[in-house]
Amino acid sequence: MDAVLDDLARHWWLYAAIPFIAALIGYVTKRVAIEMMFKPLEFTGIKPFLGWQGVVPKHGGRMAAVATELLTSNLLDVKEVFRRVDPAIITREIEQPLLRAVDEVAREVLEKHHPRLWEVMPTMAQELLIKQVQASTPRLVREFMAEMTENLDEVLDFQHMTVQRLTRDKKLLVRLIRETSRPEMAFIARTGIYFGFGLGVVQAIVWAMTKEPWVLPIFGGCIGLFTDWLAIKLIFVPREPVRVGRVILQGKFQRRRAEVARQYGEMIANEILTVPNLLDAVLRGPRSDRLYAMVERLVAQAVDEQASVAKPMVVMAVGGQRLQEIKQAAARKALERLPPTIRHAEGYLTEAMDVAKIVERRMLGLTPLEFEGLLRPAFRQDEWKLIAVGGLIGFLVGELQVLLMLH
């Protein structure tokens with residue numbers, strides 16, 4: 001014992017440094033583990049032997065599918081979102097660009113598919129025809145909105161849209177998880193300091209008693225392993241508040257439910273379920289042919305209504321086949337004009353759908369286990385690798401400590 005005390009007196013500064021070095025090990029291993037979750041976006045190294053790709057971007061497809069499943073099953077009913085849109089208001093919002101679009105579509109279609117008939121028509125007759133078509137357009141828009149809302153599943157594959165958006169843009173997926181879990185990541189790093197320092201005190205005592213060279217690297221490895229594992233667990237458990245004396249214990253992520261719900265809702269509304277993204281999914285998604293069929297049918301009805309009085313004469317002058325081509329061309333042109341026309345109502349649509357608030361409200365109603373599913377998949381797949389890297393770094397730093405203590 002005297003020899004131990006004498007050694008402590010002569011090398012006190014080395015022993016005093018051990019807990020601080022252990023705290024540094026704990027912090028560094030946590031920071032490395034956190035960065036390894038998100039970076040790099042693409043595989044870096046030599047396949048298949050050596051290299052790394054961030055856990056989140058590597059498993060982007062699976063994580064996107066999990067996030068989408070949670071979104072569609074628990075957080076968002078897309079039909080409910082669309083029902084919040086008032087067809088009368090949206091028609092009013094896009095009235096002027098809609099009238100211009102109708103004018104352009106009608107002139108283009110008639111000039112292309114029956115130029116001789118259009119050319120011989122007096123200017124007044126042309127304008128009258130355009131005005132008649134424009135007058136019927138608001139009703140056509142309301143019918144289109146009502147039918148699309150009622151048959152939304154037929155024209156919009158929401159799951160496909162969300163998964164494709166998240167997998168195609170790996171930065172977006174990383175940002176979605178990183179932004180909603182930033183305090184948890186900072187917590188993981190801080191716990192490395194606290195746990196590391198406490199284990200470092202034990203490490204210093206054991207070294208003083210044994211002088212065994214393996215003590216420091218083994219302790220370093222254990223610090224890295226244990227603190228990584230414990231920090232990840234403390235994010236999620238206990239799921240429900242547990243009172244221990246005057247202290248209430250609960251997983252940090254669970255305690256931040258209200259904040260996370262608000263952040264997640266805003267990101268879904270601003271990055272995924274935006275008006276341009278929805279429009280793109282409807283027009284270019286796997287079910288876009290059904291939307292075209294719907295528009296073609298509505299346009300055909302409108303054309304027939306306009307020509308109803310003189311239908312036999314119209315068919316005789318234009319021809320049945322040519323009339324069908326005019327209907328199809330008008331439908332195609334209408335869909336082409338849809339994005340720039342609807343852009344004028346984007347502000348109203350975003351406000352009316354109010355996706356952020358819907359997601360936030362639904363998230364607050366999730367069970368603790370369902371809420372954990374929002375972030376847990378980001379850790380679960382390669383959690384052991386992150387913990388193992390923490391242990392390896394701790395072991396190597398422990399070896400450096402041995403060299404410092406001995407030499």
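Predicted model: local features only at pLDDT ≥ 70, side-chain atom pairs only at ≥ 80, totals over all residues.

In which loop is the place of Pro40?

Mentor: Pro40 is placed in the loop between α2 and β1 (44-46).

Residues are numbered from 1 along each chain as its sequence is written, and side-chain values use heavy atoms, with hydrogens and water left out.

Start with the backbone. The peptide bond from Lys39 to Pro40 is cis, and its omega is near -10 degrees. Another cis bond joins Val237 and Pro238, where omega is about -5 degrees. Pro238 is also found in a loop, the one between α14 (215-236) and β3 (242-244). Most residues other than glycine have a negative phi, and most peptide bonds are trans. A positive phi of about 50 degrees occurs at Asp354, which is not a glycine. Asp354 sits in the loop between α21 (346-353) and α22 (355-364). With a relative accessibility of 25%, Asp354 is partly exposed; buried means under 20% relative accessible area, exposed over 50%, and partly exposed in between, with a 1.4 Å probe and protein chains only.

Now go back to α2, the helix named at one side of the Pro40 loop. Helix α2 covers residues 12-38 and holds Phe20. Phe20 has a relative accessible area of 55%, so it counts as exposed. Together with Phe197, Val201, Ile205 and Met209, Phe20 forms a nonpolar patch on the surface, with about 500 Å² of accessible area in total. Patch residues have over 30% relative accessible area and no salt bridge; like charges are joined within 9 Å, and nonpolar side chains (Val, Leu, Ile, Met, Phe, Trp, Tyr) within 5 Å. A salt bridge is a side-chain nitrogen of Lys or Arg within 4 Å of a carboxyl oxygen of Asp or Glu. The areas come from the Shrake-Rupley method with a 1.4 Å probe, and for residues only the protein chains shown count as cover. Helix α13 (residues 182-210) gives the most to this patch, with 4 residues.

Leu173 counts as buried because its relative accessibility is 3%.

Note on methods: Helix = DSSP H or I, 4+ residues; strand = E, 2+ residues; numbered from the N terminus.
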